[in-house]
Amino acid sequence: MISKEEVLSAQKKWADAIVHVGQTYLEGADYVAVGHDLIDRLYAYDEGTVLFKPSKASSDQFRGTEKEALSYFVKGLIDEDHGFALQPWSQVRFENEDFLLMGDYAIAMGNYFFTDAHTDKEVHVEFTFGYIRGKEGQLLINLHHSSLPYIAH
């Protein structure tokens with residue numbers, strides 16, 4: 001059974017990986033390889049279907065392949081992608097609303113906050129992540145839905 005502690009650990013790994021991609025970009029090192037590693041280690045593309053709806057996607061709303069996910073995080077394949085992880089961010093923190101722990105599947109939903117490395121301003125984003133257990137026992141994301149909060153006009 002997937003535990004809440006495992007989900008929290010997976011979230012920390014994801015947050016640290018997003019920050020690491022941006023740091024690598026600033027250092028002029030191979031940020032694309034670091035982004036690819038993030039996807040390989042943390043997403044379930046090698047296990048089957050991944051439902052990925054990034055927050056900053058409009059014309060191509062979904063990222064159903066590993067290459068499309070990489071484009072979102074580090075730019076390249078899809079024109080609207082500007083490299084979300086290249087911002088760079090100095091910190092990502094999760095505030096979970098709740099969890100659904102269902103044996104070998106778990107879902108977490110809540111808010112996460114990205115701290116801009118240049119301004120220290122936080123960007124608030126809503127999320128739902130689904131996790132499965134990979135072949136090697138690690139949790140992998142197979143559902144990633146992010147959206148910017150609704151703003152009433």
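## Strand pairing

In which sense do strand β4 and β5 pair, and over how many bridges? In this predicted model, strand β4, which covers residues 122-133, pairs with β5 in the antiparallel sense, and the pairing runs over 8 bridges. Within this pairing, G130 has L143 of β5 as its bridge partner. The hairpin of β4 and β5 has 5 residues between the strands, and in this hairpin G137 takes a positive phi near 95 degrees.

Strand β5, residues 139-147, also pairs with strand β1, residues 51-53, here in the parallel sense and over 3 bridges. The bridge partner of F52 in β5 is H144.

## Helix α3 and its surroundings

Helix α3 spans residues 66-74, and because 7 of its 9 residues are buried, the helix is largely enclosed by the rest of the structure. The buried residues are E66, A69, L70, S71, Y72, F73 and V74, and they pack against α1, α2, β1 and β5. The residue that follows α3 is K75, whose phi is positive, near 70 degrees.

## The largest nonpolar core

The largest nonpolar core holds 43 residues, of which W14, Y43 and F73 touch the most other members. The elements that give two or more residues to this core are α1, α2, α3, β2 (89-102), β3 (105-116), β4 and β5, and α1 gives the most, with 8 residues.

When residues up to four places away in sequence are not counted, Y43 touches W14, L38, V50, F52, F73, L140, I141 and H144. Two of these contacts, W14 and F73, are named with Y43 among the core residues that touch the most other members, while F52 and H144 are the bridge partners described for the pairing with β5.

Leaving aside neighbours within four places in sequence, Q11 is in contact with F94, N96, A108, F127 and Y131.

## The enclosed cavity

A search of the whole structure finds 1 cavity of 30 Å³ or more, and the volume of the largest cavity is about 60 Å³. Its lining consists of W14, F52, P54, S55, Y72, F73, F84, Y112, F114, V125, H144 and S146, and the elements that give two or more residues to this lining are α3, β3 and β5.

The lining residues of the largest cavity divide into 9 nonpolar, 3 polar and no charged.

## The largest pocket

The largest pocket has a volume of about 150 Å³, and the residues that line it are E6, S9, A10, K13, R41, L42, R133, G137, Q138 and L139. The elements that give two or more residues to this lining are α1 (4-26) and α2 (31-42), and α1 gives the most, with 4 residues.

Conventions: Residues are numbered from 1 along each chain as its sequence is written. This is a predicted model: local features need pLDDT of at least 70, side-chain atom pairs count only at pLDDT 80 or more; totals for chains, interfaces and linings use all residues. Side-chain values use heavy atoms; hydrogens and water are left out. On a 1 Å grid over the protein atoms alone, a cavity is a set of points where a 1.4 Å probe fits but cannot get out, and a pocket is an open set with protein on both sides within 12 Å along at least five of seven lines; lining residues have an atom within 4 Å of a point. Grid points are joined across faces, edges and corners, and a volume is the space filled by probe spheres set on the points. Two strands pair if DSSP finds at least two bridges between them. Buried means under 20% relative accessible area, exposed over 50%, partly exposed in between (1.4 Å probe, protein chains only). Contact means heavy atoms within 4.5 Å. A nonpolar core is a set of buried Ala, Val, Leu, Ile, Met, Phe, Trp, Tyr and Cys residues joined through side-chain atoms within 4.5 Å. Ala, Val, Leu, Ile, Met, Phe, Trp, Tyr, Cys and Pro count as nonpolar, Asp, Glu, Lys and Arg as charged, and the others, Gly among them, as polar.
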